[in-house]
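Me: I have a structure to go through with you. Can we take it piece by piece?

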Amino acid sequence: MRLPIKQATAARCIARSSPSSSLLTRSFVTTMPAKSKTFENQDKLPRLPVPPLDQSLQGYIKSLEPLVEAKYGQHGFQKEMEKRKLYAKDFASGLGAKLQERLKDLDHISANNWLDDNLWLALAYHTWRAPLIVNSNWWLTFKEDPRNPAPPVAPGATNKTVVPLDPNPAKTLPPGAQGGGQAWIDAHPNKKDYYYPVKYEDVTQREWITEWQVRRAAWLVSRFAGLRTMVQKEEVPPEASRLGPMCMNQYRMLFNISRIPLPNCDAFSAQDNDARHVTVHIADFVYSVDVFEKVPKGEIANPLPVGEIESLLQAAVADAKARVEKGEKPAQVGILTADDRDTWVVNRERVLLHSPKNRASMDMIDRSLIGLSLDTYTLPTLPARDDPLRMAQVDAQMHNAQGGLNGGENRWFDKCLTVVVETNGRAAIMGEHSPVDALIPSYVVDYALNEPVDDSKFTGGKAAKLGEGFQREDFEISPEIADEIEACRARNQAILDDSDCQTLWWAEYGTDWIKKNGKVAPDAFVQQVLQLAWFRDQGYPVATYETASTRFMKHGRTDVIRSLSPESRAFVKLMQDKNASQKQRYDALVAATKEHSKLTMDSSFGKGYDRHMMGPKVQLRPGEAHPLFDDELYSSSQAWKLSTSGLSSGIQFHATGFGAPFADGYGINYMAGPNLIKFGLESKVSCDTSSTTRFKHEIVQAFRDMRELCEAQTDAPAKL
């Protein structure tokens, strides 16, 4: 099944993962065996419902109000809303009723979940043909290990940090903006002066793999391997919140799996949870390195001692170094994995047909636990220019996690999880999005980082030889494929160059202050910050996506929280109205956050309408159509130019992010902690109307303005 490009893009955009903030608890952070088995609640979980059609239509129609007002103005608002209500009424009593029954039949024949069993992977991911690099893969950067013998300068941020804004911002309306001439803040009119991509030649002092780099990599791999064993033994505590248990099925999909390109619709490789190895990329040479003990078939393997894993990695590193010194050039097939999916289909087949050895190497990569990229450099810090919000070192770490250098060298973008370690020990993870939502790997990384490197455990390692615990996975390629790799490298680099990806650490207050002094739900508060920042940045309201996790239901993945609501629009209007009182604004903030929390609860428990509306739409048969789906507002209400997602509080992480799904929008991932809120923001350099630097400044100003209105409700300003 292949979707039209607009529909496929919209489906992919709603696939971002968020924990629905206050609804979820943190996962396991210790190695203690669980009192309950990991999957013991699976058969007790409710199924994803097929909501009443009228209920979903009512929610959908209400969500259109801000968009209708922005498009048609107050004079045309009533007429245009009545038109959409008539569409919905006619749909519910006619074609919609038929489609609803077909959806119920689909539910009836589904073993676990009508959406996940039949539609989700194809609609959200596998039919989407754009390159994975930036567009679909996500990234997450780790905090420094306290055992690092020579730690890089850590970016400092406390709840007292002051981040100055441009004292005299130019105010104008961006080209094509709507909204009656509302002013916006343009901190840096020429954004191209404040962003420039890192080039391969900028790494002037290319190093080789360091001892600390290998040690930290071995420790992280050991922790991931231990996690697989815990899942297989069902020692990972089943997750739950005050609202009930949650589905653990995605933990089965973390390891030993890759995405395989196929014409029109991709698929997963056969999962091999008995495989003993990880795939290690070193200067684009590829190795399979054993990290599990050898056990009889059918038994669950434990990880090798971490000292042995380190020795095996050292042996692979030494082998790669010897090959480099001899002048050997690796076949950089991994670069092709980032390409347009249909192009990769053709080139993959060419690679496989060129030599039987290539099939064996690809199979080993697909079956491996995870990927591990040992980079031969530390990405240099980007100059700050005149942007006081620039987190130069964190931004450099994030850029390397995003895609590395020179068009995606030393990576395999199809792999579900790839840990990336630079020469100074900085580490991160890049993920292919379709097997699991990014929330689950964030829990896994939280577990992996919870115990820092313990040097006392690196004993018992012995020198390894090729074929004894590690082996090469070389590729043989033709001159034609070599040319394809170079062409693909250029295409990949163009995508990376166009990605303006930056970090913002908001440190003046966090979730503790929001709960105590704002007296509203923190996630809902942050979403209002983003609504206000967007309007000031662009001058018009836009359909906004935030993910709700539906893991309260069996095999649940995600649904949409439409953060642009009539209530949020009213709040933003009052914030822009110079005649509005702080009391009016605060009351509007409370109303907007309450509505957002309601939408979050509904979406998390199967009462959202985006997934439900998708279900009937794909049940349409030839000759069937309806104005509800043909309406331009149906499409624009799913054009998530502001695509947002939250993870955990981010104590263990420096940054996280994903690419903006629309060229004139923003991709925003955030981690809201008690005293520090970390944002990863991405937009496109080529777009004239968006600017990551400018949007960061708008977020800061929105946070400060909203603090002011919350403090105005008390006799004295709250202490930070």
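Me: Tyr-60, buried or exposed?
Reply: Tyr-60 is buried, at a relative accessible area of 1%. Buried means under 20% relative accessible area, exposed means over 50%, and partly exposed lies in between, with a 1.4 Å probe and protein chains only. This is a predicted model, where local features need pLDDT of at least 70, side-chain atom pairs count only at pLDDT 80 or more, and totals for chains, interfaces and linings use all residues. Residues are numbered from 1 along each chain as its sequence is written, and side-chain values use heavy atoms, with hydrogens and water left out.

Me: How many aromatic pairs are there?
Reply: The structure holds 21 aromatic pairs. Rings of Phe, Tyr and Trp (its six-membered ring) pair if their centres lie within 6.5 Å; planes under 30 degrees apart are stacked, over 60 edge-to-face, and the rest tilted.

Me: What is the geometry of Tyr-60 and Tyr-634?
Reply: The ring centres of Tyr-60 and Tyr-634 are 5.8 Å apart and the planes are at 65 degrees, so the pair is edge-to-face. Tyr-60 lies in helix α2 and Tyr-634 in helix α20 (residues 632-636), so the pair ties together parts 574 residues apart in sequence. Helices (H or I, at least four residues) and strands (E, at least two) are DSSP runs, numbered from the N terminus. Tyr-634 is also buried, with a relative accessible area of 7%.

Me: And Tyr-670 with Phe-679, what are the distance and angle there?
Reply: Their ring centres are 5.9 Å apart with the planes at 40 degrees, so Tyr-670 and Phe-679 form a tilted pair. Tyr-670 is buried at 2% relative accessible area, and Phe-679 is buried at 1%.

Me: Which residues are in the cluster that ring pairs link?
Reply: Trp-506, Tyr-509, Trp-513, Phe-525, Tyr-670, Phe-679 and Phe-703 are joined into a cluster by ring pairs.

Me: Which ring has the charged end of Lys-678 over it?
Reply: The ring of Trp-505, with the charged end of Lys-678 at 4.7 Å from its centre. The criterion is NZ of Lys or CZ of Arg within 6 Å of the ring centre and within 35 degrees of the ring normal. Lys-71 lies over the face of Tyr-72 as well, 5.7 Å from the ring centre.

Me: Switching to charges. How many salt bridges?
Reply: There are 46 salt bridges in the structure, each being a side-chain nitrogen of Lys or Arg within 4 Å of a carboxyl oxygen of Asp or Glu.

Me: What does Lys-62 bridge to?
Reply: Lys-62 forms a salt bridge with Glu-567, and the closest N and O atoms are 3.1 Å apart. The pair links distant parts of the chain, with Lys-62 in helix α2 (residues 53-63) and Glu-567 in helix α16 (residues 566-576), 505 residues apart. Lys-62 is partly exposed, at 29% relative accessible area.

Me: And Lys-573, which residue does that meet?
Reply: Lys-573 meets Glu-69 in a salt bridge, 2.3 Å from N to O. Lys-573 is in helix α16 and Glu-69 in helix α3 (residues 65-93), 504 residues apart. Lys-573 is partly exposed, with a relative accessible area of 34%, whereas Glu-69 is buried at 16%.

Me: What about Asp-610, which residue does it bridge to?
Reply: Asp-610 forms a salt bridge with Arg-562, with 2.8 Å between the closest N and O atoms. Asp-610 lies in helix α18 (residues 610-617) and Arg-562 in strand β16 (residues 558-562), so the pair ties together parts 48 residues apart in sequence. Asp-610 and Arg-562 are both buried.

Me: Which residues are linked in a network of salt bridges?
Reply: Arg-129, Arg-259, Asp-266, Arg-341, Asp-342, Asp-414 and Glu-432.

Me: Where does UniProt put the active site?
Reply: An unreviewed UniProt entry places the feature "active site" at His-433. UniProt positions are given in the numbering used here, feature names are shortened, and annotations may be inferred rather than shown by experiment. His-433 is in the loop between β12 (427-431) and α12 (439-450), and is buried with a relative accessible area of 2%.

Me: Where is Cys-488?
Reply: Cys-488 is in helix α13 (residues 479-497) and is buried, at 0% relative accessible area. Leaving out residues up to four places away in sequence, Cys-488 touches Ile-335, Leu-336 and Asp-339, where contact means heavy atoms within 4.5 Å.

Me: Last one, how many helices and strands?
Reply: The chain has 21 helices and 20 strands, and 63% of its 720 residues count as buried.
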